[in-house]
Amino acid sequence: LDSPSCWGWSHAGRARLYPRLIQRVPCRLVTPDALVYRDVAGRLFGKPSVSSHPLPEFLEGCPMPTYCLNPHGVTALKKILICVGTLFPDITHSPLLPALAALLLHYSEDEAQCFESVSRLIASNAPHAGYIDQSFLAHQASCMTFGDLANKHCPAAHKLIASAAENVLEVYSEWLSWLFPGLPFGYAVRVLDMFLLEGQKVLYRIALALLKQFRLSVAPAGLQGSDIKAELQAFVRNIAQHMSVDKLLERAFGIRLFSRKEIWLLQMANRKALMERGITVVQKRPSFHLAVDMQNFSSSIVTAQEMRLVWSWIPERFSLFPPLLLFSTSEDGCSLQRFYTCCEGYEPTVLLIKTTEGEVCGAFLSSDWSERKKSGATSGFFGTGECFVRPEAERYEWVFIKKPELAKAVPRSPSPAPEARLGPSRDSRSSSRLSPFLAVRHFLLPSKTASMFMSGSRDGIVIGGGGGQALSLDASLLWGHTEHCETFDNPPLCQENFQVQLLEVWGFQSA
């Protein structure tokens, strides 16, 4: 079916191994196999020609790589995809499917065996280990999840893209095409090896490794005026000039990624946010704007460009929604009670402060300020590991995101560790490794000071704690203090003792 010069090494070995690996994938009870394919293909096509049969609608706008298949192989690929459309009518969008089928066809006995392999991957019901997205909703949720992972694991590359692109998620929406069909054939086959062993998590790993290497390859001047999406595609196409496939895989597996379950939970959270925006499983190509509106955004503290950078740091499931001004000292006065009244009911929020010296700092706060009323006899701190503080154009995240080895996972037991009871009570999910979007109580932290995210009382508000406070404001909202703290491992965010000139709180406009 193909040109032998384009085969990866050990062609015969893969031809034996791939079907065995795919047979181990747990599937739905009724999954079409090779016999079903022969029957359906015989009835559909009759003759070898498939030119009169259109490709399924779910492939509209999806890349169609053929990976050096000869004309007979291309015909077989089309027949497989048409049969998939017939036997899996629920699929509405699946950009990975054509590339996957084309690659597997190289290592299959015939098109019927290739169809059976593809069907098993489509019908997989392995917990937290999906293989192929089958709707625009699922695909877009995976793109948002990649954006979240890039934000955490490739901060320099993420910042570069945020500065060069009007819409960061639009760039990340192409992450899958960096791999298929972006990578050269020899690289793509090695990725396929890992994918069949471990599922979609491997694709995240390799795309993150490519993103990191792309950042290293960019000239010091950056990407001003360039087409970032085209630059990324060109870089991936020419990856052999930058690193070998072995080095790429080594870098990919050196990334300390979340567990499969945590990635799945994050995808579900992003999926829910998309559904709240009206995106459904059956929609194919809805349009929705994910960036800060550069024309209509107005703040007394930051420009629209600066707010866009802040928005790019925020988890994707929130940055879907445009910023909404909840509180401003210039309009609502310097009243802490008014601050609480305006901000309660909104989660998360962005706090911005401009000092009388002209310095700007702030924080992303993951929990509703009303949580302060539920703290009871604890230290009064609440929030989750998604909180971060920012001086000017930098940010400091929860210290355990960059140093996960400092925390140990809580052993499976009915009762959480006493020092981990600071997270929001509504989150009852469990986890085996550090994940910043989950509650703190899932982890054995070295001390209570490691999770002092946010606190509010009648006397003022505090963000970050342990050995100092990243940011504190008094009840008048006029005087503040900043210093290093253990929760964020941050330097002072501005002059240590400062006077507030302006303070704003922004929420997320979900309607």
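In the predicted model, residue N151 is found in helix α6, where helices are DSSP runs of H or I with at least four residues, strands are DSSP runs of E with at least two, and both are numbered from the N terminus. Residues are numbered from 1 along each chain as its sequence is written. Because the model is predicted, local features need pLDDT of at least 70 and side-chain atom pairs count only at pLDDT 80 or more, while totals for chains, interfaces and linings use all residues, and side-chain values use heavy atoms, with hydrogens and water left out.

Helix α6 comprises 18 residues (136-153) and reaches 25 Å from its first C-alpha to its last, close to the expected 26 Å, the expected span being 1.5 Å times one less than the number of residues. Of its 18 residues, 18 are buried, a class defined by under 20% relative accessible area, with exposed set at over 50% and partly exposed in between (1.4 Å probe, protein chains only).

N151 itself counts as buried because its relative accessibility is 3%. The side chain of N151 reaches the backbone oxygen of S312 at 3.2 Å. Leaving aside neighbours within four places in sequence, N151 is in contact with H158, S312, W313, I314 and R395, contact meaning heavy atoms within 4.5 Å.

P491, by comparison, lies in the loop between β11 (479-481) and β12 (497-508), and P491 counts as partly exposed because its relative accessibility is 33%.

Terms used. Polar contact = N/O pair within 3.5 Å; in protein donor to acceptor, adjacent residues only side chain to side chain.
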